[in-house]
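These are my notebook entries on a structure that I am reading for the first time. I record what I looked up, entry by entry.

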Amino acid sequence: MVFRKPPDGGWGWVIVVVSFFTQFLCYGSPLAVGVLYLEWLDAFGEGKGKTAWVGSLANGIGLLASPVCSICVSSFGARPVAIFSGFMVAGGLMMSSFAPNIYFLYISYGIVVGLGCGLLYTATVTITCQYFDKRRGLALGLISTGSSVGLFIYAALQRELIELYGLDGCLLIVGALSLNILACGSLMRPLESSSSPQPEKMCVDKVPDQYFVYHEKEKTIEENISILEKGYIDEKCVNNVPDCKQDITLNKNVLSSININEKDTYKKKVVEQTNFCKQLAKRKWQLYLTYWKETMVLFKNKVFSALFVAILLFDIGGFPPSLLMEDVARSANISEDDYYMPLISIIGIMTTVGKLILGILADFKWVNTLYLYVTTLLMTGVALFAIPFAKSYLTLAMLSGILGFLTGNWSIFPYVTTKTVGIEKLTHAYGILMFFAGLGNSLGPPIVGWFYDWTQEYNTAFYFSGFCVLLGGFLLLLAALPCWNACTNQSSKLPPNTYSYKVASN
């Protein structure tokens, strides 16, 4: 289908609102999973590393499966995928309330809910990009705050529901709330022209006529005619044997001439179809080879290679606090009476503030977004090193706010990627980086939990997390120094015949 020009308004603002609430409803519980993490530790009695896999899978599996999510949205459209994913998220949360062990939660909460969130994220971003062009940055910024607001509200909501209805009741109620995604998804009306031909049909029309094979109906009609002729001859042979022999001889001569022509035509078309399939397979193989060649060229860019390492190490070290901060406070013997607000809620609200402020700073011409991103990484590493020295709710709350604000650097990450590889290669490079970001999200909390299981304290774990983030930041800073610019510009040039993604939002 051919999409019309983005209206930059109108029904697009409805899309922004429903996309905001979609991300709010789907990401609220997975991002605030730290509250559930404490209950799962008490309920199943497993180690912290093993239990942390549940939340890490829920947040990382969507990024790991981002290529599959893009294919689904491109094939079926944003609205069907959003509705189907709403069932996945709600069903996964409700199934988790009946989990008999931690391994069941890996599937119900980690994989089912995580994959549903990944599909919903891709659907909301795709439909928003279809409706906005000039105001696309503003629209994407508004819908991205839905997940942060969801983290802020769901952290307090889930704690309250656990006190009132227990862990199982909390998951059932949160799953029921997620069913509102179905209503939001039904409003994601695709921006398309119904009178325009579909691209598939246009592609078929361009295929030469000699590559078409027999139509199935025509073949069926020929077979039916031969069957009728055979039946007619058999009936005549029963009634009149002499005439039968003459008709058989005559029909054999006629049919043999017809069959020879049909066989030649059929063989010719089969050969042509085989050649066409071979050419198509060869072309696809060349495209795959070109894709991997371009990937290797991207990694020859020193800044991109350092960015790939930095995002992986940042998610390994920087993501665990949002999952484990509540348990850190409990391990520090902080009384629940001192709690004015869940630490995860503080992280959520400050992440929203960080996304907005860092996004605004990135728009200033005098601000180098790459150096701004490096600064957030280095400050995150320092804040992680300070967590073991925090022994009161106030200091943990301050560190949670700082970490939440710095986590808002996700809003400038697309800017950094664009500046590193250029707008032409943004889709290719961003997909690679998001895959490794999901890998870091999945590995970070279990690694920190394993450190606690080995040492029975969080100090070593957060020293390791801070070291990872600082290492990634310093590597990116070294690669971004001006002395590497000449080498980077030369190595980032791609061959003239480049392979371009067909983005889902186009």
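Which backbone oxygen does the side chain of Thr22 reach, and at what distance? I find that the side chain reaches the backbone oxygen of Val18 at 2.6 Å. I count this under polar contacts (pairs of N or O atoms within 3.5 Å; within protein, one must be able to donate a hydrogen and the other to accept it, and residues adjacent in sequence count only if both atoms are side-chain atoms).

Basis of the entries. The model is predicted, with local features requiring pLDDT of at least 70 and side-chain atom pairs pLDDT 80 or more, while totals for chains, interfaces and linings use all residues. Residues are numbered from 1 along each chain as its sequence is written, and side-chain values use heavy atoms, without hydrogens and water.

Setting of Thr22. I place Thr22 in helix H1, residues 11–31; helices are DSSP runs (H or I, at least four residues), numbered from the N terminus. Thr22 has a relative accessible area of 1% and is therefore buried; buried means under 20%, exposed over 50%, and partly exposed in between, with a 1.4 Å probe and protein chains only.

Salt bridges. I looked for side-chain nitrogens of Lys or Arg within 4 Å of a carboxyl oxygen of Asp or Glu, and the structure holds five such salt bridges. Asp42, Lys48, Asp327 and Arg330 are linked in a network of them. Within it, Arg330 pairs with Asp42, their closest N and O atoms being 3.4 Å apart. This pair links distant parts of the chain, with Arg330 in helix H13 (residues 320–331) and Asp42 in helix H2 (residues 33–44), 288 residues apart. Asp327 and Lys48 meet at 2.7 Å, N to O. Asp327 lies in H13 and Lys48 in H3, so this pair ties together parts 279 residues apart in sequence. Arg330 also bridges to Asp327, at 3.5 Å between the closest N and O atoms; being three residues apart in H13, the two are separated by about one helical turn.

Arg330 is partly exposed, at 37%, whereas Asp42 is exposed, at 52%.
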